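Reader: I've got a model open and I'd like to learn how to read it feature by feature. Can you walk me through it?

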Amino acid sequence: MADGSTAPARNMRIDADRLWDSIHEMAEIGPGVAGGSNRQTLTDDDAKGRALFRSWCEAAGCEMGLDGIGNMFATRPGTDPDALPVYVGSHLDTQPTGGRYDGVLGVLGGLEVIRTLNDLGIRTKHPITVVNWTNEEGTRFAPAMLASGVFAGVHAQDWAEDRTDAEGNRFGDELDRIGWRGDEPVGGRKMHALLELHIEQGPILEAEGKEIGVVTHGQGLRWIECTVTGKESHTGSTPMPMRRNAGRGLAQITELVHEIAMSNAPNAVGAIGHVDVHPNSRNIIPGRVVFTIDFRSHELDRLNGMVDRLMEEAPKLCEALGVGFAAEIVGQFDPPAFDERLVGIVRQAAERLGYSHMDIVSGAGHDACWINQVAPTAMIMCPCVDGLSHNEAEEIRKEWAQAGTDVLLHAVLEVAEVAA
């Protein structure tokens with residue numbers, strides 16, 4: 001990687017209007033019902049969004065690559081044919097009621113970097129590749145960050161392709177159906193580095209009045225699927241002392257999860273999100289409740305300690321209620337620490353450009369968290385209004401998008417090395 005002596009000029013900036021227009025043109029594909037986006041992975045709208053992205057990349061002079069799980073790689077050549085590419089990007093898929101910026105800013109910000117370099121006639125020693133990772137959200141096919149996980153060797157490709165959605169559709173079959181499976185082996189590419197720009201998806205940057213988050217670590221997570229088993233019976237005719245109410249197990253474990261997270265704050269969080277109650281009838285005492293706990297921390301020992309405490313105390317709570325308890329970890333990754341040198345380059349770029357900044361830990365999982373296992377990686381974050389994300393009301397300001405992409409531009413130029 002280059003050192004500070006190759007830093008680009010301070011007045012070098014991206015075209016904020018062009019970036020903003022591209023973001024909102026992409027949002028016209030798979031529009032949500034309330035102004036956001038519903039462009040879930042491997043749907044027809046995902047295919048349309050991919051096609052639009054490809055057309056923009058080819059117009060910018062990039063060569064498009066596509067691997068066997070649908071990851072897209074748009075490459076601007078470098079001057080050194082032996083130099084490994086510098087990767088930038090994120091994802092174009094969204095939640096069912098997602099916003100316009102989550103993931104999209106990182107992909108189209110990467111494209112804007114290439115457009116800006118084209119405008120300025122700047123060549124780099126290393127190629128620059130903009131990537132769109134498949135199925136980052138994991139909302140249709142769990143788990144999240146699926147294709148980047150396959151790329152990094154965390155998941156087997158066959159296992160990933162066998163994931164099914166709520167209708168029983170298989171990931172691999174849907175990838176073939178929309179026509180976005182490539183011939184390139186997954187994970188065969190080598191990277192000089194990866195930089196991912198993303199909205200914070202939290203309130204810290206806005207609350208602190210900072211334009212740039214320099215991401216030093218990501219949070220690790222554990223998703224624990226729990227099943228509490230009681231006995232279905234009539235709510236009107238079953239005496240209170242004779243009830244085996246699985247819903248009480250859910251209620252007490254909900255409080256336990258909150259207490260575990262609070263006792264580890266501010267360095268950890270936790271909550272129950274997804275809940276299925278059976279049989280889910282107004283006049284039947286629940287006989288079974290299945291729910292998922294989400295624990296996160298950037299400290300591995302703390303994260304594991306939270307899980308251990310849950311596994312020790314939840315069965316005792318349920319035993320006292322006369323209900324059964326079972327649990328398994330259905331999603332996990334350890335906290336990533338991003339590359340110190342790349343993090344320093346991002347920090348220096350923000351300072352050089354005059355943007356206010358602070359170090360931050362990513363509260364959400366991102367593709368960079370997996371790629372961090374196979375290449376030097378760093379992340380750049382910009383604020384979002386009220387910290388709201390995974391919601392159609394998700395909002396950022398154009399000047400925040402520009403600041404983040406300006407920092408991305410400068411960091412990429414330093415890492416990719418401006419050609420003489």
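This is a predicted model: local features need pLDDT of at least 70, side-chain atom pairs count only at pLDDT 80 or more; totals for chains, interfaces and linings use all residues.

Reader: On to salt bridges. How many does a search of the whole structure find?

Author: The idea is a side-chain nitrogen of Lys or Arg within 4 Å of a carboxyl oxygen of Asp or Glu. The search comes up with 22 salt bridges. Take Asp406 and Arg13, whose closest N and O atoms are 3.8 Å apart. Asp406 sits in helix α12 (residues 398-416) and Arg13 in the segment before α1, so this pair ties together parts that are 393 residues apart in sequence.

Reader: Is Asp406 buried or exposed?

Author: Asp406 is buried, because its relative accessible area is 0%, under the 20% cut-off. Arg13, at 33%, counts as partly exposed.

Reader: Which residue forms a salt bridge with Arg18?

Author: That's Asp119, with the closest N and O atoms 2.8 Å apart. This pair also links distant parts of the chain: Arg18 is in helix α1 and Asp119 in helix α3 (residues 104-120), 101 residues apart. Arg18 is partly exposed at 22%, while Asp119 is exposed at 53%.

Reader: And where do Arg177 and Glu174 lie?

Author: Both are in helix α6 (residues 171-178), 3 residues apart, about one turn of the helix. Salt bridges that share partners join Asp44, Arg140, Asp165, Glu174 and Arg177 into one network. In the bridge between Arg177 and Glu174, the closest N and O atoms are 3.1 Å apart. Glu174 counts as buried at 10%, whereas Arg177 is partly exposed at 45%.

Reader: Last one: which residues form a negative surface patch?

Author: Look for Asp15, Asp21, Glu25 and Glu28. Asp15 lies in the segment before α1 (16-26), and its relative accessible area of 33% makes it partly exposed.

Notes:
Residues are numbered from 1 along each chain as its sequence is written. Side-chain values use heavy atoms; hydrogens and water are left out. Patches are made of residues with over 30% relative accessible area and no salt bridge: like charges are joined within 9 Å, nonpolar side chains (Val, Leu, Ile, Met, Phe, Trp, Tyr) within 5 Å. Accessible areas come from the Shrake-Rupley method with a 1.4 Å probe; for residues, only the protein chains shown count as cover. Lys and Arg count as positive and Asp and Glu as negative; His and the chain ends are not counted. The place of a charge is taken as NZ of Lys, CZ of Arg, CG of Asp or CD of Glu. Helices (H or I, at least four residues) and strands (E, at least two) are DSSP runs, numbered from the N terminus. Buried means under 20% relative accessible area, exposed over 50%, partly exposed in between (1.4 Å probe, protein chains only).
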